[in-house]
Amino acid sequence: SSGINAEYGELRKMNDVLSDKVDKLQKKLDGEIQNNATMAKQIKELNTSLSDANLSIQDLQCTMEFLQVEHSFIEADVEKKNESINELNCKIELLSKTKQDLVAKCRSKLREKSRKLNASRIKLGYALLEMRELNSHGSSCSD
């Protein structure tokens with residue numbers, strides 16, 4: 001009976017040691033489960049943040065595509081306006097040349113008319129002198 005009691009005492013001690021080990025492992029397991037739950041919650045929050053970030057990126061991509069289209073329209077508009085400006089510059093250049101040609105022709109005609117007018121004045125001057133001379137001879141003849 002004392003051998004059985006001793007064996008029972010040994011088994012009891014082993015049972016207590018094993019129970020302590022099980023309790024420790026259970027606590028450790030509970031801690032790991034709690035950690036896993038916390039990590040799962042954090043992962044879920046990160047996934048939500050990631051989804052939000054992806055939506056923001058998609059919004060930005062759409063905005064960027066829109067702006068690229070707008071930019072293309074603006075570039076085309078600028079190109080058309082530049083072509084119009086070039087055409088207007090050509091017309092201005094042509095008008096300037098035409099104006100210069102007209103001014104040159106007008107000056108040439110004006111010089112020619114001025115020469116003719118001066119020649120006429122000279123003839124008129126001579127004619128007046130001749131008339132005075134004739135008048136002075138005529139008045140002396142009638143005396």
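Trainee: So, how are Lys 81 and Asp 77 separated in helix H1?
Mentor: They sit four residues apart in helix H1 (residues 2–142), and therefore about one helical turn separates them. Helices here are DSSP runs of H or I with at least four residues, strands are E runs of at least two, and both are numbered from the N terminus. Before we go on: this is a predicted model, where local features need pLDDT of at least 70, side-chain atom pairs count only at pLDDT 80 or more, and totals for chains, interfaces and linings use all residues. Residues are numbered from 1 along each chain as its sequence is written, and side-chain values use heavy atoms, with hydrogens and water left out.

Trainee: Thanks! What do the side chains of Lys 81 and Asp 77 form?
Mentor: A salt bridge, at 3.4 Å from N to O. The term means a side-chain nitrogen of Lys or Arg within 4 Å of a carboxyl oxygen of Asp or Glu.

Trainee: And how accessible is Lys 81?
Mentor: Lys 81 has 49% relative accessibility, so it counts as partly exposed. Asp 77 is partly exposed too, at 36%. For the cut-offs, buried is under 20% relative accessible area, exposed is over 50%, and partly exposed lies in between (1.4 Å probe, protein chains only).

Trainee: How many salt bridges turn up in the whole structure?
Mentor: Three, from a search of the whole structure. One of them joins Asp 101 and Lys 97, at 3.7 Å from N to O. That pair is four residues apart in helix H1, again about one helical turn. Asp 101 is partly exposed at 37%, and Lys 97 is partly exposed at 48%.

Trainee: Which residue does Arg 115 pair with?
Mentor: Glu 112, with the closest N and O atoms 2.9 Å apart. Glu 112 is partly exposed, with 34% relative accessible area.

Trainee: Changing topic: which residues form a nonpolar patch on the surface?
Mentor: Ile 122, Tyr 126 and Leu 129, with about 340 Å² of accessible area together. Ile 122 belongs to helix H1. Patches take residues with over 30% relative accessible area and no salt bridge, joining like charges within 9 Å and nonpolar side chains (Val, Leu, Ile, Met, Phe, Trp, Tyr) within 5 Å. Areas come from the Shrake-Rupley method with a 1.4 Å probe, and for residues only the protein chains shown count as cover.
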